[in-house]
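Hello,

Here is the structure you asked for. Please look through it first, then read the notes below.

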Amino acid sequence: MGNTTQASARERIEAILDDNSFVEIGAGVKARATDFNMQEKDTPADGVITGYGVIDGNLVYVYSQDAAVMGGSVGEMHAKKIENLYGMAMKMGAPVVGLIDCAGLRLQEGLDALNGFGRLYGCQTLASGVIPQIQAVFGNCGGGMAVASAMADFTFMEDKAKLFVNAPNAIAENDTDTSSAKFQSEEAGNVCMTGTEEDILAQIHTLISVLPANNEDDMSYDECADDLNRMCEGLE
């Protein structure tokens with residue numbers, strides 16, 4: 001399946017967060033695997049940019065997968081960076097936003113990569129019902145990462161993106177693109193909303209503004225911005 005990404009991982013973060021609010025964590029992390037000549041491959045940030053910032057003044061933790069680095073595949077250090085982000089989000093009681101563009105498991109790292117997926121699922125399970133988990137799928141979301149998207153509280157999908165555990169064309173008789181945004185939203189029910197990249201980022205903005213930051217956040221009241229001394233029309 002071809003990659004349909006249009007914006008880079010960092011550009012997506014800059015588009016979704018308030019200006020100059022992003023603080024990156026783990027920028028110097030790279031893959032530590034050496035099997036299958038992995039030491040010769042350049043893996044900046046190990047294919048995922050992680051950090052925190054604010055959306056309309058609300059603290060969020062965000063990770064954005066970089067398809068330019070080994071297809072955005074999840075390896076050991078890639079998964080550990082996301083796991084670390086979840087730990088900080090749980091301590092601070094803030095939402096986690098995942099911007100997904102992933103080819104699935106990094107086969108060169110074998111069991112280390114599989115263990116990373118398991119630890120990621122564990123983080124999502126512990127965070128369920130405690131902090132909001134939001135994922136937006138751009139480009140591909142394949143293999144184990146599709147399970148992670150299904151575990152999120154809210155999942156968005158770009159119109160041309162692909163979401164699949166096993167590629168639909170693996171079955172010759174399959175005449176339905178079960179990985180398409182249309183199928184995943186209308187038939188499977190795994191996706192809350194589809195649209196352009198700009199539409200999805202705007203919807204996440206709106207969602208963050210109305211969601212409580214965590215399960216102990218009381219949003220039943222807010223500071224009154226109205227002038228208590230103003231005159232009402234018709235009562236002068």
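Read along the sequence, the elements come in the order α-β-β-β-α-β-α-β-α-β-β-α-β-α. That gives six helices and eight strands. Please keep in mind that this is a predicted model.

On overall size, the radius of gyration is 20 Å, close to the 18 Å that the globule rule gives for 236 residues, so the protein is as compact as a globular protein of that length. Along the principal axes, the C-alpha atoms fill a box of roughly 80 × 45 × 30 Å.

Next, the inside and the surface. Of the 236 residues, 43% are buried. The protein exposes about 12,200 Å², and carbon and sulfur atoms supply 50% of that area. Among contacts with a separation of 6 or more, 68% are between residues 24 or more positions apart.

Which residues of helix α4 are buried? Helix α4 covers residues 144–151, and its buried residues are G144, M145, A146, A148 and S149. An α-helix has 3.6 residues a turn, so residues three or four places apart point the same way.

What do the buried residues of α4 pack against? Their partners include the strands β3 (58–65), β4 (96–102) and β5 (133–142). They also pack against β6 (154–158) and β7 (162–164), as well as helix α3 (110–127).

Regards

Key
Residues numbered from 1 in each chain as written. Predicted model: local features only at pLDDT ≥ 70, side-chain atom pairs only at ≥ 80, totals over all residues. Heavy atoms only, no water. Buried < 20%, exposed > 50% of the residue type's maximum accessible area, 1.4 Å probe, protein only. Helix = DSSP H or I, 4+ residues; strand = E, 2+ residues; numbered from the N terminus. Contact = heavy atoms within 4.5 Å. Rg over C-alpha atoms; globule rule 2.2 N^0.38 Å. Areas by Shrake-Rupley, 256 points an atom, 1.4 Å probe, with all protein chains shown as cover.
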